[in-house]
Amino acid sequence: MTSIARPAFLRGRGPAPAAAVVQPAAVGLPAPRERGRRQVVAVIMVVYLLAIFEGALRKYVAPQYSQYIYFIRDPVVVCAYLLATRHALWPRGERLFTIGVAMGGVGVLLVMVQTATGGTTDLRLLLGAYGWRSYFLYVPLAFLVAEQFTHEDLRRFARLTLILSIPMAVLAVAQFMSPLNAPINVGTAEEKELQFQGMNINGTRVRATGTFSSNAGLQQFIGTALAIAIAALLQPAKRRLAPLPVVLVAIAALLTSVAFSGSRGTVMLSGLLALVAVAIGVVGHGSMRAKALTIPLCVAGGAVLLAPMLFPDAIQAFIDRWNHASKFESANIEGGVWGRALMPLFDFVRLVGDVPIFGYGLGYGGNASILMRATIDGVVVGILAEVDFSRHMVDLGPLVGGAYILFRFAVTAWAGRQVLAATRHAGDPLPMMLFGYAGYTIVLGQIAGHGSINVYGWLFIGLSVAAARAALRQPKRVVLPASGAAPASSAPPPPGLRAPRPRAPRELVDGRRSC
């Protein structure tokens, strides 16, 4: 490995230069492990692309194999895990990672106990495997991404997302403008049972799904892409994730998708991200503070003013949808729409004393259980749980389910602490914007009940931590004192963020310039 020559003044052969110098990065992974790391990153990018286009494959390409394509990401995720194991790329000393893996083992034991007490049937085994996948398979992905994604990996990821948001908006508009039963909405299958009957807004307009099989998937894409776009808009020009024209076009496309989504959740998530951006102005520093306090509010205000003029049909359909849902929730849910939004936090309490100690069965609280009409004692168990924490009670029981709820909060706190430290000390808005989506999703999202939310939640909580660590890894210009004392950049990392793992400059690995 080529050594880095020391400057003459550090060898005692001359005075320290007056101009600032940039410190070289520390030598990190050897070449074989770096190649393995890049392979892992590439495989995870494939997982992300499959999360986006899986629905399109199921609806338009091979609807007859829809139920099998639903699991197309899983072997790719396992491949990433095997590569990480082969090249020793898993995090070391990360307690939550160890707990997450251990909980996967507990999940296997729980399936065995539930099978022994509830009887062995093909349905129970099938739902057990499906449930284990929903709860445990994607948890290690968060920690692997947090450990191995670099600033350059995040940049490529962000650019890909922003570019994809443009055709996604075109597709969303086309779906909204098309009849409910048009192939662009229900898919290309001729058989009724293989078609995707999406939810409609007001009986005549469909809730756009984009390339996904449901509008919930499109909501995850819009939320994450909008978080990336806002972060890019707030970043300094030299460190921007994508060129400014691409960012501006992407924001226009995403706001168009929001208008045509017909989804209250998408609108509320977009508003939450705008508030997170403003919060960056409170905890951040430097020029980013002024941008964060003004730009998001200007964009949001412009969208609110222009949307009724540009998309009157879409906005009217959304208003109809909001009013209809609000009437139902006001009559049936305490607190109305806000009670519905916060229901995932407390609804599970009603089930604690009613469900068996080990739950009804892993997978029995999910959507697959409802579709398959899985029953216990003549009751379709899936209808007992509308939100995730309640689903944990049905699937896992009070003990393991309660532990899983605490684990979700612990992962969110673990990521939030690092993101906050990076926002305060590094001045990069990306970690906080990604966490604005991921923290909400891990705490309140249907990660155990919906496939797209599952992969998006765990992937992006890992990306938020990776962005926090990468922000502090970026080289800073420092002036070396003549006495040879350590520069300011060698100080320990800020509280709440562990020291970034040193990474070799890429010119030391394969001859190409690093980021």
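Colleague: How many helices and strands does the secondary structure of the protein come to?

Modeller: It comes to 18 helices and four strands. Helices here are DSSP runs of H or I with at least four residues, strands are E runs with at least two, and both are numbered from the N terminus. Bear in mind that this is a predicted model, where local features need pLDDT of at least 70 and side-chain atom pairs count only at pLDDT 80 or more, while totals for chains, interfaces and linings use all residues. Residues are numbered from 1 along each chain as its sequence is written, and side-chain values use heavy atoms, with hydrogens and water left out.

Colleague: Is helix 9 mostly covered or exposed?

Modeller: First, the cut-offs: buried means under 20% relative accessible area, exposed over 50%, and partly exposed in between, with a 1.4 Å probe and protein chains only. Helix 9 is mostly covered, with 20 of its 20 residues buried. For the protein, 54% of the 515 residues count as buried.

Colleague: And what span does helix 9 reach from its first C-alpha to its last?

Modeller: The expected span is 1.5 Å times one less than the number of residues. Helix 9 runs over residues 215-234 and reaches 29 Å, close to the expected 28 Å.

Colleague: Which residues touch the most other members in the largest nonpolar core?

Modeller: In soluble globular proteins, nonpolar side chains tend to be buried together. A nonpolar core here is a set of buried Ala, Val, Leu, Ile, Met, Phe, Trp, Tyr and Cys residues joined through side-chain atoms within 4.5 Å. The largest one has 105 residues, and Phe221, Tyr456, Trp458 and Phe460 touch the most other members. Helix 9 gives this core its largest share, 14 residues. Apart from it there's another core of 16 residues, including Tyr70 and Phe348.

Colleague: What does Tyr456 touch?

Modeller: Contact means heavy atoms within 4.5 Å. Leaving out residues up to four places away in sequence, the partners of Tyr456 include Tyr48, Phe212, Phe221 and Tyr437.

Colleague: Which residues form the nonpolar patch on the surface?

Modeller: Patch residues have over 30% relative accessible area and no salt bridge, and nonpolar side chains (Val, Leu, Ile, Met, Phe, Trp, Tyr) are joined within 5 Å, like charges within 9 Å. A salt bridge puts a side-chain nitrogen of Lys or Arg within 4 Å of a carboxyl oxygen of Asp or Glu. Here the patch is Leu342, Leu345, Phe346, Val349 and Phe409. Helix 14 (residues 336-346) gives the most, three residues. Val349 sits in the loop between helix 14 and helix 15, and is exposed at 52% relative accessible area.

Key: Areas by Shrake-Rupley, 256 points an atom, 1.4 Å probe, with all protein chains shown as cover.
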